[in-house]
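Please read each point alongside the coordinates.

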Amino acid sequence: MTAALLLTGCGRTDAKRGQGSAGAPVDSSPATGDITVWAMGTEGELLPKLAARFEKANPDAKVKVTAVPWQDYGKKVETAIASGDTPDATLVGASDIATFATTGGLEQVPPKLVDDSAFYRGAVRSSAFDGATYGVPWYVETRALFYRKDLARAAGVSAPKTWNEYRPFLKALQKKGAKWGLSLPTGAAQSWQSVLPFMWQAGARLMNEDKTEFTFDTPEALKGLEFYQSFFTSKTVSRNGPVSLGEIEPEFVSGSTAALISGPWEQGLLKSAGGDSFVKDKVGIAPLPAGPDSNASYIGGGNWTVFKDAKNREGAWKFIRWMARPDSQKAWYELSGDLPAVQSAWNEGKLATDPALGVFRTQLKTAQPGPTAIRWKQVTAVLDSEIEKVAKGVSSPKAALQRVQAKASTIGTGNQR
């Protein structure tokens with residue numbers, strides 16, 4: 001749960017441009033030898049249990065997992081690449097591929113290792129950089145609308161499906177006792193993950209076709225940010241949004257805030273705050289309402305990559321290919337609760353029948369990653385600052401986007417050839 005909120009990368013501004021090599025195809029014979037991997041957070045703690053199943057199917061292979069804290073992994077990966085002393089493979093946050101690929105320290109995914117069409121489209125996009133694919137998606141997360149369904153029933157309204165239905169729905173919940181209709185971030189770190197979807201929903205594309213320039217100064221981006229602003233001017237959202245994990249749940253349980261946008265980890269937080277019966281009786285989950293273009297949400301998660309200096313390169317790719325199998329993805333969900341990146345893994349068991357998971361399955365079809373740019377993290381800091389000004393009412397969306405564009409153009413994508 002915490003890792004999902006930390007997958008925003010650790011971009012560096014002085015990365016020397018490079019490109020990993022395209023390796024030879026990997027055959028279908030069993031893996032052999034020691035396979036050393038780094039995995040972060042809870043994933044690193046639980047991965048040995050999944051690796052044991054791989055070892056059973058590949059008795060001449062041994063997977064050696066090192067668990068690395070998310071907050072340390074960026075520097076650890078960069079240092080390993082610079083020194084040439086790397087493990088064979090590492091888990092990489094979905095927004096970090098560009099940062100590491102540009103060093104030349106990652107190998108491109110071998111041809112025909114996996115079928116890209118098997119994964120959610122947003123996950124595949126997060127694994128590519130500069131026309132090449134460097135990672136294989138492992139797990140994903142996205143965000144949907146959580147709302148007090150008891151208040152909705154009392155008000156006689158259903159979850160909104162479009163922007164036009166959004167504010168009337170929230171106003172109806174407020175009339176049933178909620179002080180605030182919805183909780184939105186208002187400038188705290190990573191606010192951009194919740195605000196960019198409004199721009200995407202309006203049709204914004206935040207980089208040009210060849211990924212060399214940011215494009216925030218468009219009518220579509222403006223429409224999305226104006227829609228975000230409208231929640232504050234209509235007094236359906238507080239100008240002082242949550243700043244830390246676990247802060248909004250007590251307000252949702254008490255009914256003072258009637259809706260929030262969050263990921264699959266939210267059910268656990270709400271159970272801790274209100275109990276199982278509260279979640280069962282009073283919590284509804286729905287896909288995000290659609291804007292003029294789509295109902296896009298943000299997609300995060302983790303990808304597997306192999307280092308150019310891997311000692312057991314074939315074994316690493318075979319392990320990664322095995323983890324991309326639908327049965328392995330389903331087994332990983334049962335171990336960790338991480339949502340599968342492979343779409344067919346959702347076709348049986350709880351993944352196929354649980355209504356809440358069904359909402360996230362639907363939302364994942366339109367979910368998008370942030371722009372794949374080397375200097376994206378620097379731009380997100382600018383975005384969070386300008387988002388706060390809009391939320392607090394001290395800047396207009398147009399002025400905010402003009403400042404974002406100017407600063408983003410100065411920073412650059414880092415992707416220039």
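1. Asparagine 303 is buried, at a relative accessible area of 2% (buried means under 20%, exposed over 50% and partly exposed in between, with a 1.4 Å probe and protein chains only). Its place is in strand β10, residues 299–306 (strands are DSSP E runs of at least two residues, and helices H or I runs of at least four, numbered from the N terminus).

2. The model is predicted: local features need pLDDT of at least 70 and side-chain atom pairs pLDDT 80 or more, whereas totals for chains, interfaces and linings use all residues. Residues are numbered from 1 along each chain as its sequence is written, and side-chain values use heavy atoms, without hydrogens and water.

3. Beyond four places in sequence, asparagine 303 is in contact (heavy atoms within 4.5 Å) with residues including Thr90, Ile97, Ala123, Ser126 and Trp138.

4. In helix α7 (residues 163–175), the buried residues are Trp163, Tyr166, Phe169, Leu170, Ala172, Leu173 and Gln174. Their cover includes β7 (144–148), α6 (149–155), α8 (192–201), α9 and β8 (259–262). Just after α7, glycine 177 has a positive phi of about 120°.

5. Helix α9 (residues 219–233) also packs with helix α18 (residues 397–411), at an angle of about 130° and with the axes 9 Å apart. The two are therefore oblique (under 35 degrees is roughly parallel, over 145 roughly antiparallel, 65 to 115 roughly perpendicular, and the rest oblique). From α9, Ala221, Leu222, Leu225, Glu226 and Gln229 meet Pro397, Lys398, Ala400 and Leu401 of α18.

Note on methods. Axes fitted to C-alpha atoms, helices over the stretch in contact; angles between N-to-C directions.
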